[in-house]
Amino acid sequence: MALSMSDVDRFEAARPRLEAIAYRLLGSAGEAEDAVQETFLRWQATDVERIEVPEAWLTKVLTNFCLNQLTSARARRETYVGRWLPEPLLAGDPMLGPADTAERRESVSYAVLVLLERLSPNERAVYVLREAFDHPHREIAGILDITEAASQQIYHRAKKHLADGKARTEVDEATARRIVEEFLAAATSGRTEPLVRLLTQDAVSVGDGGGKVPARAKAFEGALAVAKFLRGLFKPSEAKRAHVGGAPEIHATTANGEPAIVAVVDGRVIGITCLEVTAGGIAAVRSQVNPDKLVRATEQWAAADHGDSPLYTL
């Protein structure tokens with residue numbers, strides 16, 4: 001069915017919001033774009049004139065498509081090589097969506113995206129629609145074809161699951177940079193003690209290489225084990241440079257609202273490490289090095305002005 005320009009414009013106006021919802025639900029920018037494109041195709045095939053509230057219709061179609069994707073994704077992740085982590089998004093990426101409240105910022109933090117993997121597809125959908133986009137339970141019930149009471153129950157259950165994680169500390173850009181600078185100074189000192197002081201006693205470190213880049217599938221656990229691993233990771237060597245095709249430049253930034261370290265070789269992002277900060281210190285060090293999950297970050301990096309020189313070169 002041919003769409004009028006006004007119908008196309010209406011969809012395009014909704015696209016940023018739809019992409020932000022899909023990213024939170026799927027944890028993948030590429031899959032989020034595919035979900036939004038599928039929603040557009042269904043919009044195109046529908047008699048738009050008969051839709052009373054287009055924004056609600058688009059949200060329902062998108063959410064249900066994402067729920068189907070989440071169900072199949074669980075099966076795919078059983079055969080995924082190594083540890084699966086979400087695709088990180090650098091500061092300023094429009095897919096991060098609204099950030100005007102603490103709840104919305106936290107809903108897209110890397111730590112919360114990891115925790116969302118614990119939830120069932122329905123729990124994840126209710127949490128995202130309620131927490132990040134302020135949908136009332138009546139609307140969520142209509143989107144998911146459940147009762148309003150069921151939506152409320154699912155939301156409270158999802159909140160309880162997520163509350164089992166550590167209480168995270170929200171940081172501004174300047175604080176995030178200071179944390180990264182301190183972390184890098186400790187990691188490149190050649191000693192474990194400075195790192196141990198920055199980490200919580202039960203800190204963990206994990207990486208996602210997707211079977212394409214070496215990354216330890218089993219997490220390092222405990223401040224000392226994590227510190228020893230990081231000390232070796234940030235030790236320069238010709239073998240490492242040969243493996244990645246050059247000397248990685250290390251920059252400080254934020255990804256998904258968390259302090260982050262970006263490793264870049266010849267303009268290509270080869271790794272993003274997100275630091276989960278709590279009142280007691282850095283509780284988790286999560287590194288995304290799967291090149292498939294760094295394509296968008298590389299595009300965003302190339303389009304931004306980074307100004308100063310890298311903090312460190314491996």
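How many bridges pair strand β3 with β4, and in which sense do the two run? They pair in the antiparallel sense over seven bridges, where strands count as paired if DSSP finds at least two bridges between them. Before going on, a word on what you're looking at: this is a predicted model, in which local features need pLDDT of at least 70 and side-chain atom pairs count only at pLDDT 80 or more, while totals for chains, interfaces and linings use all residues. Residues are numbered from 1 along each chain as its sequence is written, and side-chain values use heavy atoms, with hydrogens and water left out.

Let's step back to the whole chain. It has 13 helices and seven strands; these are DSSP runs numbered from the N terminus, with helices being H or I over at least four residues and strands being E over at least two. The C-alpha atoms fill a box of roughly 65 × 40 × 40 Å along the principal axes. Of the 314 residues, 48% count as buried; buried means under 20% relative accessible area, exposed over 50%, and partly exposed in between, using a 1.4 Å probe and protein chains only. Among contacts (heavy atoms within 4.5 Å) with a separation of 6 or more, 67% come from residues 24 or more positions apart.

Now back to the strands. β4 covers residues 258–265, and eight of its eight residues are buried, so the strand is largely enclosed by the rest of the structure. In a regular strand the side chains alternate between the two faces of the sheet. Here, E258, A260, V262 and V264 point one way, while P259, I261, A263 and V265 point the other way, and all are buried.

β4 has a partner on each of two hairpins. With β3 (residues 249–255), A252 stands opposite I261. Two residues sit between these strands, and N256 in this hairpin takes a positive phi near 55°. With β5 (residues 268–278), β4 runs antiparallel, joined by six bridges, and V264 stands opposite V269. This hairpin has two residues between its strands as well, and D266 in the turn has a positive phi of about 55°.

Next, the charged side chains. A salt bridge here is a side-chain nitrogen of Lys or Arg within 4 Å of a carboxyl oxygen of Asp or Glu, and by this rule the count comes to 16. One of them joins D134 to R104, with the closest N and O atoms 2.8 Å apart. That pair links distant parts of the chain, 30 residues apart: D134 is in the loop between α6 and α7, and R104 is in helix α4. D134 is partly exposed at 46% relative accessible area, whereas R104 is buried at 13%.

Another bridge connects R157 and E123, again with closest N and O atoms 2.8 Å apart. R157 lies in helix α8 and E123 in helix α6, 34 residues apart. R157 is partly exposed at 42%, while E123 is buried at 6%.

R177 and E181 also meet in a salt bridge (3.1 Å, N to O). Both lie in helix α9, four residues apart, about one turn of the helix.
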